[in-house]
Amino acid sequence: MATVDLTAASFDETASRDGIVLVDFWASWCGPCRQFAPVYQRASEKHPDITFAKVDTEAEPALAATFDIRSIPTLMAIRDGVIVFAQPGALPDQLLESLITQIRALDMDDVRAKLAARSG
């Protein structure tokens, strides 16, 4: 599956979908971002059930600011509308695959209960 470009206008609709959405915050001038791009693309082809999205932080500075993106690339994982992971740094293939496996294994009822306990 190809990656999709997200903008401030399309982010919420994409992020609120059921299932897994991975978001790569990047910029064209960023060396580590360019290194991570083919890893991300290969993963998108292996996992067609996951939405692989990209946010160009130069084109969408307000969106990057909303999520306090201070270092790129930053990978964010959203499952069933809940942000379950966000971390800067380019991941190699095997670590991205491991992350995907861990996100698939999450008990989302448990995740929501823990979030509710924290905010309540």
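1. M76 has a relative accessibility of 3%, so this residue counts as buried (buried is under 20% relative accessible area, exposed over 50%, and partly exposed in between, with a 1.4 Å probe and protein chains only). M76 belongs to strand β4, residues 74-79 (helices, H or I with at least four residues, and strands, E with at least two, are DSSP runs numbered from the N terminus).

2. A note on the source: this is a predicted model, in which local features need pLDDT of at least 70 and side-chain atom pairs count only at pLDDT 80 or more, while totals for chains, interfaces and linings use all residues. Residues are numbered from 1 along each chain as its sequence is written, and side-chain values use heavy atoms, with hydrogens and water left out.

3. The surroundings of M76 come next. Leaving aside residues up to four places away in sequence, M76 touches F11, V21, L22, V23, F25, F67, I83, F85 and A86 (contact means heavy atoms within 4.5 Å). V23 is 53 residues from M76 along the chain, yet their C-alpha atoms are separated by 5.0 Å.

4. There are four aromatic pairs in the structure (rings of Phe, Tyr and Trp, the last by its six-membered ring, pair if their centres lie within 6.5 Å; planes under 30 degrees apart are stacked, over 60 edge-to-face, and the rest tilted). In one of them, F11 and F67, the ring centres are 4.9 Å apart and the planes at 45 degrees, so the pair is tilted. F11 is in helix α1 (residues 8-15) and F67 in the loop between α3 (61-66) and β4, so this pair ties together parts 56 residues apart in sequence. F11 counts as buried because its relative accessibility is 3%, whereas F67, at 23%, counts as partly exposed. Ring pairs join F11, F25 and F67 in a cluster.

5. The pair of F36 and Y40 is also tilted, because the ring centres are 5.5 Å apart and the planes stand at 45 degrees. These residues are four apart in helix α2 (residues 31-46), so about one helical turn separates them. F36 is buried, at 1% relative accessibility, and Y40 is buried, at 1%.

6. The structure has one disulfide (a pair of cysteine sulfur atoms within 2.5 Å). C30 and C33 form it, with their sulfur atoms 2.4 Å apart. The torsion about their S-S bond is about 80 degrees, so the disulfide is right-handed. Both cysteines, C30 and C33, are buried.
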